[in-house]
Amino acid sequence: MLMMSGSALGVVIPIIILLVLLCILASCVKIVPQASAMVVERLGGYLTTWSVGIHVKVPFIDRVAKKVILKEQVVDFAPQPVITKDNVTMRIDTVVFFQITDPKLFAYGVENPIMAIENLTATTLRNIIGDLELDETLTSRETINTKMRASLDVATDPWGIKVNRVELKNIIPPAAIQDAMEKQMKAERERREAILIAEGEKKSTILVAEGKKASAILDAEAEKQAAILRAEAKKEAMIREAEGQAEAILKVQQANADGIRFIKEAGADESVIQLKSLEAFAKAADGKATKIIIPSEIQGLAGMVRSLTEVGKE
C-alpha cells in the first residue's frame with residue numbers, strides 16, 4: 001500500500017470536514033409540507049411546533065420528535081363483541097373519522113393514539129349497546145353513531161384529536177337470530193304480497209262493477225232517447241193524421257158550400273132543395289141505420305114524387 005504524503009493529507013482532510021459540515025447543515029434544514037406539522041424538542045424538552053414552510057434546527061441540540069398529519073384520517077376497527085340489554089351477543093365493527101388539531105397534545109398526550117381510540121371505541125360501544133335491546137340496536141344506527149361521536153370527542157380532546165364522525169359498519173347478530181330475522185322478513189314479504197293481491201282483486205272488482213253500472217246507465221239513457229224519439233214520431237203521425245182529417249172535412253164542407261151556392265145560383269125552388277135534403281138523409285143512413293126520422297115537409301114531398309111516378313107508369 002502506498003503511503004500518502006503529508007501535503008495530500010492536508011488537502012483531503014479539509015474537504016472531508018467540509019462535506020461533513022454540509023451534510024450536518026442539510027440535515028438541519030426541514031421543509032414541512034401542506035397539511036402536516038413537526039413537533040421539535042431541544043435537549044429532550046418540547047421546543048415548538050413547525051407548520052408549513054422551511055425551518056432550520058440547531059444541530060445536535062434540536063430534534064424532530066414527531067411528524068403529524070393534519071388531514072382527516074379514517075380508521076376501521078375489527079368487529080367487537082357486545083351484549084344487548086336482552087342478553088343477545090352480537091359483533092359490531094366501527095369506522096372512526098378523526099383529525100389531529102393539536103400536534104403537541106397528540107405527541108405527548110397518549111403513547112399510542114390509534115390503539116387508545118380503538119379501545120375507547122370498544123368500551124363506549126359496549127356501554128351504549130348495553131342499554132338497548134336487539135330490535136333497538138338494529139334500528140337505531142344513527143342514534144348510536146351520534147352518542148359514540150360525542151363520547152369519543154370528549155375523551156380524545158386531551159390528546160389533541162377531534163372525532164368528526166363515527167359509523168357502525170356492520171352489525172352481526174348470532175346465527176339463530178339471523179335465521180329468525182330472515183323467516184320474519186319472509187313472512188312479512190308474503191303478507192305484503194297477499195295484501196297487494198287482495199287490493200288488486202278489489203280494485204278489479206270495483207272497476208268491473210263500475211263498468212257494468214256505466215253500461216246500464218248508457219243502456220237506460222239510450223232506451224230513454226229511443227222512447228222519446230218514438231213518442232215524437234207517434235205525435236208527429238197523429239198531428240199529420242189530424243191535419244189530414246181536418247183538411248178532408250174542410251174540403252167536404254167546401255164542396256157542400258159550393259153545391260148549395262150552385263143550387264142558389266141556378267134558381268132552384270124549395271122543392272129541389274127539399275129533394276136534396278132527402279138525398280142527404282139517404283146518404284146519412286148509408287144503409288146502416290134501421291130507422292130514419294124525416295121531417296113532415298120532406299115526407300109530403302116524397303109522397304108527391306111517388307104519385308107522379310105512378311102516373312107516369314100508367
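## An aromatic pair

Tyrosine 108 is partly exposed, with a relative accessible area of 41%. The coordinates belong to a predicted model, and the values below are computed from it. Tyrosine 46 is likewise partly exposed, at a relative accessible area of 34%. Both values fall between the 20% limit for buried residues and the 50% limit for exposed ones.

The count of aromatic pairs comes to one. Tyrosine 46 and tyrosine 108 form this pair in an edge-to-face arrangement, with 6.0 Å from centre to centre and 85° between the planes. Because tyrosine 46 belongs to strand 3 (residues 45-50) and tyrosine 108 to helix 2 (residues 103-109), the pair ties together parts that are 62 residues apart in sequence.

## Overall composition

The protein chain contains eight helices and nine strands. Of its 314 residues, 20% count as buried. The chain exposes about 22600 Å², of which carbon and sulfur atoms supply 61%.

Contacts in the chain can also be viewed by sequence separation. Among those between residues at least 6 apart in sequence, 61% join residues at least 24 apart.

## The largest nonpolar core

In soluble globular proteins, nonpolar side chains tend to be buried together. Here, the largest nonpolar core comprises 28 residues, and those with the most contacts inside it are Ile92, Ile117, Leu125, Ile144, Met148 and Leu168. Two or more residues of this core come from each of strand 8 (89-100), helix 3 (113-129), helix 5 (141-156) and strand 9 (161-172).

Apart from neighbours within four places in sequence, methionine 148 is in contact with Thr94, Thr121, Thr124, Leu125, Ile128, Val166 and Leu168.

Threonine 156 is part of helix 5. This residue counts as buried, because its relative accessibility is 1% and the limit for burial is under 20%. When residues up to four places away in sequence are not counted, threonine 156 touches Ile117, Leu120, Ile161 and Val163.

A polar atom of the threonine 156 side chain lies 3.2 Å from the backbone oxygen of isoleucine 161.

Valine 95 is located in strand 8 and is buried, with a relative accessible area of 13%. Residues up to four places away in sequence aside, valine 95 touches Val74, Val75, Asp76, Arg165, Val166, Glu167 and Lys169. Its C-alpha atom is separated by 9.8 Å from that of glutamate 118, a residue 23 positions apart along the chain.

The charged end of arginine 165 sits over the ring of phenylalanine 97, at 4.2 Å from the ring centre.

## Isoleucine 24 in helix 1

Isoleucine 24 lies in helix 1 (residues 6-28). With a relative accessibility of 23%, isoleucine 24 counts as partly exposed.

Not counting residues up to four places away in sequence, isoleucine 24 touches Pro59 and Phe60. Isoleucine 24 and phenylalanine 60 are 36 residues apart in sequence, and their C-alpha atoms are 9.2 Å apart in space.

Technical notes
Residues numbered from 1 in each chain as written. Predicted model: local features only at pLDDT ≥ 70, side-chain atom pairs only at ≥ 80, totals over all residues. Heavy atoms only, no water. Core = buried A, V, L, I, M, F, W, Y, C linked by side-chain atoms within 4.5 Å. Buried < 20%, exposed > 50% of the residue type's maximum accessible area, 1.4 Å probe, protein only. Helix = DSSP H or I, 4+ residues; strand = E, 2+ residues; numbered from the N terminus. Contact = heavy atoms within 4.5 Å. Areas by Shrake-Rupley, 256 points an atom, 1.4 Å probe, with all protein chains shown as cover. Phe/Tyr/Trp six-rings, centres within 6.5 Å; stacked < 30°, edge-to-face > 60°. Lys NZ or Arg CZ within 6 Å of the ring centre and 35° of its normal. Polar contact = N/O pair within 3.5 Å; in protein donor to acceptor, adjacent residues only side chain to side chain.
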